[in-house]
Amino acid sequence: MIYRVLTRKTPYEPKPRSGRPRVTDIRSDRRIQRMSSSQKMSVLEITMACRLQFSKNTVHRRIIESGYMIHAKMAHRLPLSKLHISKRLQWARNHMSYDDKWMAALFSD
């Protein structure tokens, strides 16, 4: 078997895999990935927007296959207390007349 492969004049290429062909093509896969990464749309909304006969599970699989989109839940934050709200409002009122000085302010994380 190996001798036949090595003495062949044409390069060895494996046979295509059998199985059910994909419903989506490369263009629709890219469109699904673009819609999921650029807009805040659910899988069902992307399915409706594609206007093709895909199931939502197919769309979800294509998003997962892309590799750069992951599902992560946001960390829960406590809501602001009444004291914090009033202090923020007071700070904003004190700095309303700050006009040109805001151009020199640098905000960073």
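Trainee: What share of the 109 residues of the chain count as buried?

Mentor: 15% of them. Buried means under 20% relative accessible area, exposed over 50%, partly exposed in between (1.4 Å probe, protein chains only). The model is predicted: local features need pLDDT of at least 70, side-chain atom pairs count only at pLDDT 80 or more, and totals for chains, interfaces and linings use all residues. Residues are numbered from 1 along each chain as its sequence is written, and side-chain values use heavy atoms, with hydrogens and water left out.

Trainee: Why is Gln53 called exposed?

Mentor: Its relative accessibility is 77%. The cut-off for exposed is over 50%, so Gln53 counts as exposed. Gln53 is found in the loop between α3 and α4. Helices here are DSSP runs (H or I, at least four residues), numbered from the N terminus.

Trainee: Which residues of helix α4 are buried?

Mentor: In α4 (residues 56-66), they are Thr58, Val59, Arg62, Ile63 and Ser66.

Trainee: What puts them on the same side of α4?

Mentor: They cover an arc of only 140 degrees around the axis. That arc is taken from the directions from the helix axis to the C-beta atoms. Their cover includes α2 (26-38) and α3 (43-50).

Trainee: How many helices and strands are there in the chain?

Mentor: There are 5 helices and 0 strands.

Trainee: Why is the chain called more spread out than a compact globule?

Mentor: Its radius of gyration, taken over C-alpha atoms, is 28 Å.

Methods. Helix = DSSP H or I, 4+ residues; strand = E, 2+ residues; numbered from the N terminus. Contact = heavy atoms within 4.5 Å. Rg over C-alpha atoms; globule rule 2.2 N^0.38 Å.
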